[in-house]
Amino acid sequence: MKPAVLTGEHYITGDVACAEGAIAAGCKFFGAYPITPATEIAEHMAARLPDIGGTFIQMEDEIAAIASILGAAWTGVKSMTATSGPGFSLMMENLGLGVCTETPCVIVNVQRTGPSTGLPTQTGQGDMMQARWGSHGDYELIALAPSSPQDCFYQTIRAFNLSEKYRVPVLVMADEIVGHMSEKVVIPEAKKIQVVDRPKPSGRKDRFHLYEAGPNGVAPMPAIGDGYNVHVTGLTHDERGYPAMTVEAQEEMMTRIKGKIRNNLDDIIETESYKMEDADIVVVSYGVSVRTGLSAVDQARAKGYKVGLLRLITVWPFPEEMIREIAKKVKGFITVEINLGQVHYEVERCAGGDAKAVLVGSAGGKIIHPEKVLACIQEEF
Amino acid sequence: MTTNPKKLAKPPEHPLDDLIRTERIPHIWCPGCGIGTVFSSCLSAIKATELPYNQFTMVSGIGCSARGAGYIKLDSFHTTHGRAIPFASGIKMARPDLKVIVFSGDGDLFAIGGNHFIHAARRNMDMTVICVNNLTYGMTGGQVAATTPNMAKSTTTPLGNPDSPFNLPLLAYAAGASYVARWTILQTRDLTTAINEAINHKGFSFIEVLSPCPINYGRRNKEKPIDTMKLYQDHTIIKHGANPAEADIDFGKGVVIGKFIHIDKSTCDDRYTEMHRPCIDD
């Protein structure tokens, strides 16, 4: 049997790095449905999971794929699926079930261009608002955006860790370029990879309440067969997990499941800054568009503009406070994303008129050229 | 010293109380509904296996029958509409040693969830699917279902259902199920035996249970609760080993009930273990 962690240097695609990250994080179950450009994650997991005692199953559609990973998660294993736009749309209902029942799992969306079938083999970042709001009702979840194969490896591990810690589905919002490009990926020794496991209950089983939360708002999670006789429902439920059809129960449940994310933002939100120290113009970007941003910053600096880059590694929850603080000090923000304005509107909202907010977007299909950002800087600032 | 000791005595426990979340009773099912009878048969069948309860899990979708998962004192999952089977497949493939029971209704399993049903049957996924078939969408007030008889009235077919219903045993058999039976809530002993047999059967087992919905089906089709029971008694034919193709529901001609299929074939998890986990299973 091959080891779970393939320590060493590899030249692999983002999709494969994502799969290896999942395995390094302890993923033991993959529910699949093929879709370009995410299929390679499933293919790699199909080959790798048996090596490590895991289970791979290709389901009949994406609805079934996400349903299967939720079921598997309750047996105590870490589970995931991977998809792209059309499949992501089909997963929305059960994503809500995952949030409501606080089921840890990871969903990778290797984004392509939409709407509908769109450009199946070409890149896009048009699912960012769907990631935030696509399932019905109000909720909070976590979405991360990798910008390179190496990053796919690390962000998938982080996705599992956050998912286990906060008992929430975590989305890895990659894109076709990051998923399909090959770069050097360094996989460290297993002992150097931090792996988080869900909190498990202890104490008397007859007094156990499924959603009795600890100080961080997260309740310990038993597995099927542990003897806790859990009842898990997508209906509004009380602390015991039992359906409770009252506005009070709804309020209490929502306060906690939103609170466990909103009250732990410092732990969940991760960003990276480049040349931000003296910047008065800030390029905000995530995923593959970070590569556009980095090049644009260097080119603009060469022309004498004080430009920095703020890279959103965690996109949801959105780093609102950080943008508000930066807005007080700078002239403006330029959001670079392969859509016609999604995260841009969040930046604009948080800038709150204190700083200008402009979009360098595209209808999708290819990476945005740094010159487009440079032109925007020259035009707007 | 006038206290009657009988008045102080705790009411006797029901023999199935250890499998029921009694604090959740009363249940939501209407008077005259048959789901409770199917549920009770299911609990008796679980008990009769004499297996530890933590070896079982129940998964349901959405609808009246699906609420069963909320009353059973086992690890139980009330999921999304139509998705009980793929959720249960995830459980089964991650923990093949568990006995997985899907308890849901005809609307949930065969309209919105129809695709999942045929694929789980095709794979011979080792689980027991109990379908309470009341010929309608009860919870939403009696709309036409994939099982509603031709010309029957529903709120969305006020002039009668123009379409033909599924023959569920035939569908299950054609898709690959290795145990297929049909009973009505009148034959509770046969039903309990069948569910017990299905749980013990290694493979995809399917039991259709005809069950009345007097409020939302019977009322619109001039069928009083007692009429439905009479149909179950007088217009059914017990025929084990019958060809599922003869299992159309037509009470005019007589409805075939009994065990249609009971065959051994390899299951999804067996094949996965054999092909992919040879070392681990030792």
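Two residues are in contact if their C-beta atoms, placed from the backbone, lie within 7 Å. The model discussed here is predicted, with local features needing pLDDT of at least 70 and side-chain atom pairs counting only at pLDDT 80 or more, while totals for chains, interfaces and linings use all residues. Residues are numbered from 1 along each chain as its sequence is written, and chains are lettered from A in the order in which they are written.

In that sense of contact, and leaving aside neighbours within four places in sequence, Gly332(A) touches Ile281(A), Ala355(A), Lys356(A), Ala357(A), Val358(A), Glu380(A) and Phe381(A). Gly332(A) belongs to strand S15 (residues 332-337) of chain A, where strands (E, at least two residues) and helices (H or I, at least four) are DSSP runs numbered from the N terminus. Because 18 other C-beta atoms lie within 10 Å, Gly332(A) is partly exposed, a class between buried (20 or more such atoms) and exposed (12 or fewer).

Chain A is divided into domain 1 (8-192) and domain 2 (272-380), with bounds that come from an automatic or database domain assignment. The centres of domain 1 of chain A and domain 2 of chain A, taken over C-alpha atoms, are 26 Å apart. Their contact takes in residues from each domain, as the table shows.

| Domain of chain A | Residues in the contact |
|---|---|
| domain 1 | 24 residues |
| domain 2 | 21 residues |

On the side of domain 1 of chain A that touches domain 2 of chain A, H5(A) gives the most, with 4 residues.
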